Amino acid sequence: MVERSGSQDESSLVKDLRRDLECANLQLRRYAEDIVQLYRSERKNRVNLEESQAQMTRYAEDLVRMYQIDSQKKNEIQDTNVQLRLYARDLSSIISNLRLANQNLKKAYQDTVLRLAMAAEFRDLDTGDHIVRIGRYCALLAEKAGLDKVFAELILYASPMHDLGKIGIPDSILLKNGALTQSEKVIMRAHPTIGARILGGSDSEILQMAHEIALTHHEQWDGNGYPYGLAGKDIPIAGRIAAIVDVFDALTSRRPYKEPFSVDESVRIMTTEMPTHFDPDLLQTFVAHVNEFVLIREAVEAEQIENVSRDSLFGKIADLKE
Ligand SMILES: [Fe+2]
Ligand SMILES: [Fe+2]
């Protein structure tokens, strides 16, 4: 500020002062406006900040909710898993019970079938070993001939019933100690058809095969057998198999009217004296493996336990004398 003298100076001073004051006022107003501006901006920022905070809070709440839903779902899935595991355990226990019941039923069925065959066999043979051997011989020959395991298992259980029809033959003929007369032979030769009548008409695969074997185990490859004189492959293969092992077992066994033949002698008789009786391929297979059939015979003999009980073809069964 310039220093002046007198009234002019005073007036000038006042003017200067006023101008300075106006300047200051102006400056103050600018400050005030700036402050107002700042305040507004600040307020706006605060509003923005609050909005951001609110938005963040909403996000956080959404996340919490999502997490809760997620963990609820996880719990539900875990519960479902536990439930499913329980169902699976129950199901597996039901299945194993059913399997056990089925096995027991199968076993009971097989034992019944065996006892039925034994009932016929005990009348003319001292022991039921013949039918046990026949079952195992048939299964072995079926396997050696390339037939499948299902067939081998069926023939194992079915073939012991081959002579079931002997139930219908009178003791005077069945147990006769000596040669049969012609008319007695005719009656004896009815046992295949009697057996077939007993076994026929069943839904069981075992009994169906048993029926087939009972009917055809005395048929011969050359057509000279009975009851129908079937020849070659007109004879069912189960009957052709049973025919070979039945004759082999009869030759190698003791009978009231004969001593057992040796294995070699039995094979010689079958291959040289009666070769046309049998399916030549099956006979060749049988002869090639005859040692294994002898092992079966020895195994069945070893399984006898003093007429009280024994391991049968079908597993442990009680002897009929129990
Ligand atoms: Fe027979
Ligand atoms: Fe027999």
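**View 1. Helix H7 is largely enclosed by the rest of the structure, since 10 of its 12 residues are buried.** Here "buried" means that 20 or more other C-beta atoms lie within 10 Å of a residue's own, "exposed" means 12 or fewer, and "partly exposed" is in between, with C-beta atoms placed from the backbone. Helices (H or I, at least four residues) and strands (E, at least two) are DSSP runs, numbered from the N terminus. Among the buried residues of H7 are Ile-206, Leu-207, Met-209, His-211 and Glu-212. End to end, from first C-alpha to last, H7 reaches 17 Å, close to the expected 16 Å (1.5 Å times one less than its number of residues). Keep in mind that this is a predicted model, where local features need pLDDT of at least 70, side-chain atom pairs count only at pLDDT 80 or more, and totals for chains, interfaces and linings use all residues. Residues are numbered from 1 along each chain as its sequence is written, while chains are lettered from A and ligands numbered from 1 in the order in which they are written.

**View 2. Ala-231 sits in the loop between H7 and H8.** Ala-231 has 15 other C-beta atoms within 10 Å, so it counts as partly exposed. Setting aside neighbours within four places in sequence, Ala-231 is in contact with Trp-221, Asp-222 and Gly-223; a contact means C-beta atoms, placed from the backbone, within 7 Å. Arg-115 is 116 residues away from Ala-231 in sequence and 32 Å away in space, C-alpha to C-alpha.

**View 3. The largest nonpolar core has 45 residues.** Such a core is a set of buried Ala, Val, Leu, Ile, Met, Phe, Trp, Tyr and Cys residues joined through C-beta atoms within 7 Å. Cys-138, Leu-141, Ile-155, Ile-241 and Ile-244 have the most contacts inside it. Several helices supply at least two residues each, including H1 (6-121), H7 (205-216) and H8 (237-251). H2 gives the most to this core, with nine residues.

**View 4. Leu-141 touches Ile-241, Ile-244 and Val-245, among others.** Leu-282, Thr-285 and Phe-286 are also touched by Leu-141, not counting residues up to four places away in sequence.

**View 5. The protein chain is divided into domain 1 (8-107) and domain 2 (122-318).** These bounds come from an automatic or database domain assignment. The C-alpha centres of the two domains lie 90 Å apart. Along its principal axes, the C-alpha trace of the protein chain spans about 185 × 40 × 35 Å.

Terms used. Two residues are in contact if their C-beta atoms, placed from the backbone, lie within 7 Å.
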